[in-house]
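Here is a short note for a colleague who is opening this structure for the first time. Please keep the viewer at hand while reading the points.

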Amino acid sequence: MSMRTYYSLLLAVVGCVTFEQLSRAADPVKLDSLVVEAQQQRVDVMRRAASATISIFGLDGGGGGSGVIVTPDGYALTNYHVSSACGDHMRCGLDDGSLVDAVIVGIDATGDVSLIKLLGRDDFPTAPLADSDEVRVGQWCFAAGNPFVLATNLQPSISLGIVSGVNRYQYPAGTLLEYADCIQTDAAVNPGNSGGPLFDLSGQVIGINGRCSFEKRGRVNVGVGYAISANQIKYFMDILRSGRLVDHATLGATVSTDEAAEVLVSNILNGSDAYRRGLRYGDEIVRLADREVKTTNTFKNILGTLPKDWRVPIEIRRNGETQTLLVRLDGVHTEKQLIDAVAAGLGGAPPKPPEGHGQEGGPEQDDSEQDDSEKDDPERDGSDAPLKEGGEKEQAAEGLEGQPDKKLVASMLEARAGFANYYFNRLKREELSGQLQSLGDFTAAGGRWTMSGLLAGETTEVAMDLDVKSASLSVGQRATAIDLDKPLSDIVAARGEGGLLLAMRALQELLRTGPEKMGASTYLGRFPVYASTSTKLREQPRHDVLQTLWYDAQVRFSIDPKTGAPSLIEVFGDVGQDPVEVYLADYQTFRLGDQEMQFPSRLRLQYGMEPMMLIDLKSVSFDSTSRPSGEATE
Amino acid sequence: MAWLAWWHALLRSVIKFMHYRLQTVVVTCSIQLLTLTVFAEDTRLGSLNGVAIGGELKVVKLYGAGGSGLDAYQSGFFISAEGHILTVWSTVLDVDEVVVVTSDGGRFSSTVVGIDPNLELAVLKSEEPPTSYFDLNKAAEGRVGQRVVALSNLYGIATGSEMASVQKGVVMARTSLNARRGAFESIYQGPVLVIDAMTNNPGAAGGALTTLDGALLGMLGKELRDSGANTWLNYAIPVSELKASVEQIMSGKSVGRTQLTRIPADRPVELNTLGVVLIPNILVKTPAFIDLVEPGSKAARAGLRSDDLILFVNSIRVSSQATLAEELKTIDRADEMTLLIQRGKELKEIVISP
């Protein structure tokens, strides 16, 4: 047989083999219907999750990070180190390929979170926030975002992983940034993923990806990414809506662990609210903000997720007995520190300063050309660094869709020291003013209001007279009066019934003249209001807080967003003093002429945690100058 | 025609092999897809929480020697009810007592029972018996395509009672390790499970690789690069490779260096040509203290000084001048040599080209 025959035979055999191979490979694997369904379900969840995930760029197409939309009118979350690199006016790409304008709303530089608002629609796809305390190690999760700014069609990349660790604490990396109580995942999180969501399998956001451990391989994923927990974000969301530079909390006390692994107070500032509430050196801390404190690290983790000014419950054990204290938290930074840090671009200087930004720039972006040390030194040993995409921005979304609407955006940006965007503070205040007006037209009320009632559950008669410069109260035979020309802080310091008069005068002023005319006012965000006997943070309603400077005192009005009615008035005197607290409840209709006015019928005066007086009002006259007594008649 | 028959036989076997491969692929595919069925509405369904928690009780955080660019922590796991811990042999263990921290917050000291220089593993014994441990006799064999979980304290993220980190992955290959550390071939060149979980990170070495059922597959290896591709390798040494050695150490026998991994060099390194004079070797275990370094010599240029104590040569522990001499015989003059020395209270790594 010739060589030629050998070869042709050989070819034939090889051909057979290949054919056999191909026919086998083409046979599809018969999948169980459960498998197909589960797969389809996962695809659906991821598609839904992707629709709420956005890419974020600077106006020049630079910067580049990710975010997630949380409300249909376009509020979205991202990292501070992403928004700071993009400037106050951002361009956001959606999964459907559209590109919309967005403005900065609020900045939490410490927590590395920014709230932004996408413009032009009120039907944006959204993703719900999960209860991240329920996240467990080993559960599946997936990250969505724009790693390496790959997606020129703006469709997010998805990477699947598991939760590698929970309650992780990552120290500040030479900046304000502190990642407390974060979620560690092995889902691939790379530069460009920053600010993007980490989802659970049902498509709820369990965290915002923002940081990674890097080492010898440079700035690429090494199986260790960190996400800011959804619960921390839920605490801060409504505070970020105030347009402020918001701050995290300190207790005014430090803790350490003893040999028995108990977490004990090791140091306490005697000017702190914690001290005034009764926290002392050596007390064992059992729970903080509803969560069990097992170690010093968990204490730091929990505290690191809480906003400044909030009141939270601390359960302590002393001599075998437990008690719960409600402590008002102080801020980690001074306002100046926050302003300076944000102005310097700490925690995320832009890779290059956004062009055309100076004209409309907010206060935080001045002098933001600080060099980006992390970028220059990518292989810093074992460093954990925020994931900023600085490299491949040339392919970012330029010319994908219409031009940015600079005019509209400019109308929604307002620079002011201490604010990320004052526009949104004004917006919220206007909204609250409108809500207050729904209680009745108090502009028609006179300058002097009188009211009478009983001490709750008693027969002791109470009468109150609120005039412009003075106010008086009689409880049975006892009488109290205040003079508003004297320092209000003295009235606060006296911790007496005068405080009730002060707070009610402030309420009168708020309702009659409105917050804007009353004094310099700021919307602070939503704080928990402990109106009932419950001390669980989780159970407290969160009300909008409006702060006004009135005479020499700072007054905070908490307003129930459901009813638009004030629920608490706090009047602050000097630093280190407990404020006057007057809780308002049971709104009833009282009359002024033929108008119906909503006014609280139950008042509770309180300093610290102890109620001092509870009053049920029976009648209120809003125009006592002309009608000195009784209810207003027709 | 004998030719043709031979070809035919060969091709037949190829076909058979292909069948086999296809079947395995189909099987692994269906296994993988079956695990997908757990994806349902429940956010935590199919969670690896069970295997994570189960493994966490067995995995420990180890703390020992470190300094000047060397990490002072690594991972390990319990392998006996008496408190034996398996980990990698490294400079971290170069202390009298290695601190063991368990995921329930327990903290106690341990001592090195023995090491295997060929596998670069060490067995420690802790003071306290564990609540739970991996039984090497019940270990599983890793199959390509199999889903796995890696448990380790990479980057030292977890401290105290915090749980070590959990990563998911797939066995990508079962192959022989072809890796290097720096310029050197790794000492261990035997079978490994290559995985796609990123375990090649500081502190991960000594961690456990398990199946989704929690059965032990192997021990995460040291940080090494693939010799061919120069990429960092994520791998584990299978239990079947290390079991005999570990049992030998646990029974109190020492494990010697095998011929396989230690071939005497053609042109061994000599101290005097480097310009190093050690202190007089008068004891059975005279420490390798440098008495003198000749000015201008290779040793001097590399930064060695008198009074330096040589602790490691190419990651091999130097317990005496005798072991140093033995070790130098295996190093060729053409290769770089890395010395870990102690100078005062400082540890220093010095690279010499003999």
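Which residues of the largest nonpolar core touch the most other members?

1. The model is a predicted one. Its largest nonpolar core holds 228 residues. A:A503, A:V571, A:V582 and B:A236 touch the most other members. Among the elements, helix α12 of chain A, residues 498–513, gives the most to this core. Its share is 9 residues.

2. Look next at A:A503. Leaving out residues up to four places away in sequence, A:A503 touches A:I569, A:V571, A:V580 and A:V582.

3. Another core lies apart from the largest one. This other core has 20 residues, including B:V313, B:V318, B:L339 and B:L340.

4. Now chain B as a whole. The chain has 354 residues, and 40% of them are buried. Chain B contains 6 helices and 21 strands. Take its contacts with a separation of 6 or more: 62% join residues 24 or more positions apart.

5. Which residues of helix α2 (residues 49–56) of chain B are buried? They are B:V51, B:A52, B:G55 and B:E56. Viewed down the axis of α2(B), these buried residues fall within an arc of 130 degrees, so they line one face of the helix.

6. What covers the buried residues of α2(B)? The cover includes four strands of chain B: β1 (59–63), β7 (147–152), β8 (165–176) and β12 (208–211).

How values were computed. Residues numbered from 1 in each chain as written. Chains lettered and ligands numbered in written order. Predicted model: local features only at pLDDT ≥ 70, side-chain atom pairs only at ≥ 80, totals over all residues. Core = buried A, V, L, I, M, F, W, Y, C linked by C-beta atoms within 7 Å. Buried ≥ 20, exposed ≤ 12 C-beta atoms within 10 Å, placed from the backbone. Helix = DSSP H or I, 4+ residues; strand = E, 2+ residues; numbered from the N terminus. Contact = placed C-beta atoms within 7 Å. Arc of directions from axis to C-beta.
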